[in-house]
Amino acid sequence: MHELEWLQCCGALNTEQLLVIDDPFENLGSGGSSLNALLSGGRDYPFNRCGSAFLWLGTDLVTTTGYRVPYTVFLHQIAELNRLVSNFGNGVWITGGDAFWSFGKLQIPETYKDKTGALFAFTFKANPRLSKNSGVYCINEDMKITGIDYCTDRYTDTNDVPLVMTLLFMPVRTAETFLSLYTKYPLSSSTYYGVDNGSPGLKLSIFFDFVLAAAEGMKKDSFVYEEGKNLEAEPNSRFIQAKEVLYDTFSHITAYAVFLDVLKYHYFQPPTIKNVIEFWQLWNGREPKNMDEIENQLHLPGLTTSVGSEVPLESCFRFNRMKLFQRWYTVIGDVIRRGEHCSVQPYLKSICISQDSSSAFALIQYLHTLCLEKNGILFADRALFCIAEVLALLARQRGGLRSGPAGNIAFANCIQHIHDVISLNVVALVFSSPRHYEAAGQVLIQRNVMKFCLKHLPSIPKGQGVNSNVVVSSACRIDVAGGWTDTPPITMQVAHTAVVNIAVTVDGKKPISCEIRPSATQVGIILKELDLRLTAIDEILNLSSKPSLPGSLICAVLLAAQFIKRDDQNISTTFQRTFGDRIKGLIVTTRSLLPHGSGLGTSSILAACLIAGIWKLMGVHFNTDNICHAVLLAEQYLTAGGGWQDQVGGVIPGIKISRFSKEKQSVVTEKIPCESSFVSMITRRLVLIYTGQTRLAKNVLQEVIRSWYANDERLTSVLESLANAAENSAKLFAKSSFPLNDVRQYYADKKAIASTCEPAFVRRLIEDLNESRLIECAWLAGAGGGGFLNVWLSEGHDIDDVRQHLQSSVVYSGLSVHSIEVDFEPFKIAFRET
């Protein structure tokens with residue numbers, strides 16, 4: 001039961017209800033089994049206690065729901081049956097697990113669909129040698145079955161024979177007749193109903209006791225006393241009475257033979273090694289190298305070891321699944337070691353959804369060992385995120401595990417140890433929950449990002465500090481296409497990255513700015529609006545990796561700008577290196593006209609302003625490329641995991657497309673020239689609405705990175721769509737055409753990645769604006785969904801029309817509407833006298 005439930009949960013069995021039962025007693029026969037359940041697992045199979053139906057065919061199936069399952073004879077039969085079922089109406093299908101078949105083109109006569117009181121037995125033109133171990137239908141010119149020959153040599157001189165397949169279809173009326181026998185004595189002796197009422201068992205055959213009863217021209221005496229004697233039926237009055245009931249019930253039903261185009265067929269009886277070899281050759285189309293090859297592909301432990309019938313069936317399925325999972329562990333390990341861009345998520349999902357949680361924890365232990373290998377440092381980030389994904393998958397079933405901040409003090413030493421020495425011997429300690437594995441993996445991502453960011457920093461002079469106030473102001477950015485492809489580690493590993501965005505002012509102002517004032521009297525870093533003074537190096541280092549705490553951004557910026565170094569003994573040493581004895585502190589004031597979580601890139605652009613201001617005071621010569629990579633470096637110190645599109649969008653003028661170059665290991669930006677009239681149209685028709693619904697998708701980034709490392713094929717497809725839309729939108733911008741369809745695709749892709757990024761309130765707002773025909777397109781700002789809604793107005797409407805419409809609504813009257821202007825001088829740095 002657990003095996004089929006697992007397959008159902010994985011999406012391999014597309015059914016709402018599933019019932020699995022044992023036969024009421026041994027040697028029940030196919031007819032009795034069918035009265036109890038409509039799929040028979042087949043006879044005992046000595047080479048695999050689970051039966052021939054669950055022979056593995058040497059490959060796996062990835063279901064439409066993204067799970068991986070072993071492709072077995074059973075699943076192959078179900079897939080072929082699904083093709084066949086569509087050719088018939090409602091009814092009951094009966095099949096068995098003793099045979100394998102593959103259909104060719106299915107052409108079923110339309111006349112069969114009208115025969116609601118019939119029984120359909122499927123057959124095909126088979127080699128006569130197969131009749132020695134199976135049955136052959138006798139058929140008249142009207143395709144009605146007149147009898148069955150069983151295990152006979154009489155057809156050796158015939159070209160082909162209509163072989164009995166363990167496959168029947170009963171339309172509704174016939175099925176009702178068949179199932180009515182469940183409680184009818186003495187046929188009830190084959191069912192749980194009869195056995196539970198003390199009736200001794202009764203063996204029945206679905207073919208010789210049910211199909212033959214419906215055979216054309218079958219006489220009652222012949223059926224009751226002659227047919228089926230070669231099946232060793234019970235020669236007693238109860239069996240004879242059962243045959244009489246069957247004849248009386250089924251003789252009014254017509255049994256038709258339906259010929260199918262069968263490309264491959266194999267009958268697993270008798271269960272000999274020769275039979276197994278023949279099946280292997282049929283499936284693979286070649287001779288096996290040896291018996292081990294057959295055993296490994298079909299998973300037949302009985303070929304080389306003793307698998308007794310006394311082993312419980314559930315234990316056998318568990319053993320087979322354990323062997324399967326062990327093979328999957330190896331595949332996952334090889335993919336991670338080689339850095340292959342193929343999906344391991346179906347493996348993880350299927351292992352975690354099985355009822356044996358020990359398999360999932362065995363996988364976690366295996367991934368631990370990967371991290372500890374000689375070259376484990378090269379792929380440990382992916383292994384750690386896979387562990388986080390496994391734990392998250394388990395949590396969705398059992399509760400207790402979650403993503404989110406990794407600030408548990410019990411793990412602080414471990415994470416810090418990875419930071420300091422990149423030693424993974426302590427990774428095994430990080431076992432509590434996904435967020436701490438993510439934190440450990442993030443350390444390794446940070447290491448790789450820092451490696452290329454540091455190459456793009458300017459040289460830092462000593463003793464060149466300037467004693468003057470510096471003010472830096474910046475535009476914000478509107479993302480048009482390609483967001484998410486800028487996020488590490490995706491941006492460094494995905495085949496194609498591209499982001500298009502626009503530097504804009506809001507309501508005629510640069511909304512983000514900072515002022516930094518050197519002080520000869522106040523010591524340390526003074527953050528005025530936070531009323532916070534930082535005077536200890538350890539305090540700054542500690543705060544730099546706590547993004548949720550006040551002051552963390554400036555601390556990360558101080559490290560990224562290389563104003564503070566980790567080996568500084570104290571804050572005096574820091575200021576001495578840059579300013580000599582003249583300056584002892586910096587008074588920092590930051591300002592944003594945008595709310596937190598706006599989706600317009602505020603925090604990264606503010607970091608760009610701070611870095612530029614600090615570098616200006618340090619006497620550093622720098623450019624926008626230095627700024628953009630330094631902000632990305634600050635994001636790594638901050639452990640926020642952010643990408644590069646925000647600072648690129650706010651710092652670099654106008655409309656541009658940016659990509660990450662693997663060859664150069666840098667972000668490369670290309671400005672898109674546009675006609676002035678088109679820029680004016682953008683200013684007129686692109687409007688911001690502040691919804692107040694700020695970033696609900698709190699843990700989206702962590703989930704996306706886990707999915708990326710698991711190589712979720714759906715995520716890979718969406719990322720490709722994002723980059724393609726960005727490339728196409730850049731071409732349209734260059735032609736002075738706003739890329740409406742690409743923006744719509746971008747928003748659809750963002751919602752596919754972060755399904756919770758669009759609150760219901762915003763969805764209704766967009767619907768209302770569309771119904772009012774005020775807009776042609778709307779999309780929430782930012783990758784994870786921000787507080788601002790970008791709106792492209794319909795021709796003939798302006799910002800005042802939007803304001804009036806919202807103010808006239810009880811629901812939306814509190815929303816604010818803001819104008820934008822494309823900014824071609826977005827980043828301003830100026831000294832101000834003290």
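Colleague: How close do the axes of α25 and α26 come, and at what angle do they cross?

Modeller: This is a predicted model. In it, the axes of α25 (residues 700-709) and α26 come within 8 Å. They cross at roughly 105 degrees. That makes the two helices, α25 and α26, roughly perpendicular.

Colleague: Which residues make the contact?

Modeller: From α25, Val 704, Ser 707 and Trp 708. From α26, Leu 715, Thr 716 and Leu 719.

Colleague: And by class, how many are nonpolar, polar or charged?

Modeller: The contact of α25 with α26 has 4 nonpolar and 2 polar residues. There are no charged residues in it.

Colleague: Next pair. How do α26 and α27 cross?

Modeller: α26 covers residues 713-734 and α27 covers residues 740-753. Their axes come within 9 Å and cross at roughly 160 degrees. So α26 is roughly antiparallel to α27.

Colleague: Left-handed or right-handed crossing?

Modeller: Left-handed, as α26 passes α27.

Colleague: Which residues of α27 does α26 meet?

Modeller: Asp 742, Gln 745, Tyr 746, Asp 749, Ala 752 and Ile 753. On the α26 side, the residues include Leu 715, Leu 719, Leu 722, Ala 725 and Leu 732. The contact of α26 with α27 divides into 9 nonpolar, 4 polar and 2 charged residues.

Colleague: Switching to sheets. What is the strand order in the open sheet?

Modeller: The order is β19-β18-β20-β17-β14-β27. That is 6 strands, with mixed pairing. The twist averages 15 degrees from one strand to the next.

Colleague: Which strands stand at the edges?

Modeller: β19 (532-534) and β27 (827-832). Each has a single partner strand, so one side of each is left without a neighbour in the sheet.

Colleague: How is β18 joined to β19?

Modeller: By 3 bridges, with the strands β18 (residues 524-527) and β19 running antiparallel. The bridge partner of Ile 525 is Leu 534 in β19.

Colleague: Which strands does α21 lie across?

Modeller: Helix α21 (residues 602-618) lies across β14, β17, β20 and β27. It runs at about 30 degrees to β17 (512-519).

Colleague: What about β26? Which sense does it pair in with β16?

Modeller: Antiparallel, over 3 bridges. β16 spans residues 499-506 and β26 spans residues 816-822. Val 504 stands opposite Val 822 in β26.

Colleague: And how many bridges between β23 and β26?

Modeller: There are 4 bridges, again in the antiparallel sense. β23 is residues 686-690. Leu 688 stands opposite His 818 in β26.

Colleague: Quick one on Asn 275. Buried or exposed?

Modeller: Buried, because its relative accessibility is 7% and the cut-off for buried is under 20%. Asn 275 is in helix α9 (residues 273-284).

Colleague: What does Asn 275 touch?

Modeller: His 266, Tyr 267, Phe 268, Gln 269 and Pro 270. That leaves out residues up to four places away in sequence.

Colleague: Last, the whole chain. How many helices and strands?

Modeller: The chain has 29 helices and 27 strands. Buried residues make up 56% of its 834 residues. Of the contacts with a separation of 6 or more, 74% are between residues 24 or more positions apart.

Technical notes
Residues numbered from 1 in each chain as written. Predicted model: local features only at pLDDT ≥ 70, side-chain atom pairs only at ≥ 80, totals over all residues. Heavy atoms only, no water. Axes fitted to C-alpha atoms, helices over the stretch in contact; angles between N-to-C directions. Parallel < 35°, antiparallel > 145°, perpendicular 65-115°, else oblique. Left-handed = near helix turned anticlockwise from the far one by under 90°. Contact = heavy atoms within 4.5 Å. Nonpolar A, V, L, I, M, F, W, Y, C, P; charged D, E, K, R; others polar. Pairing = 2+ DSSP bridges. Buried < 20%, exposed > 50% of the residue type's maximum accessible area, 1.4 Å probe, protein only.
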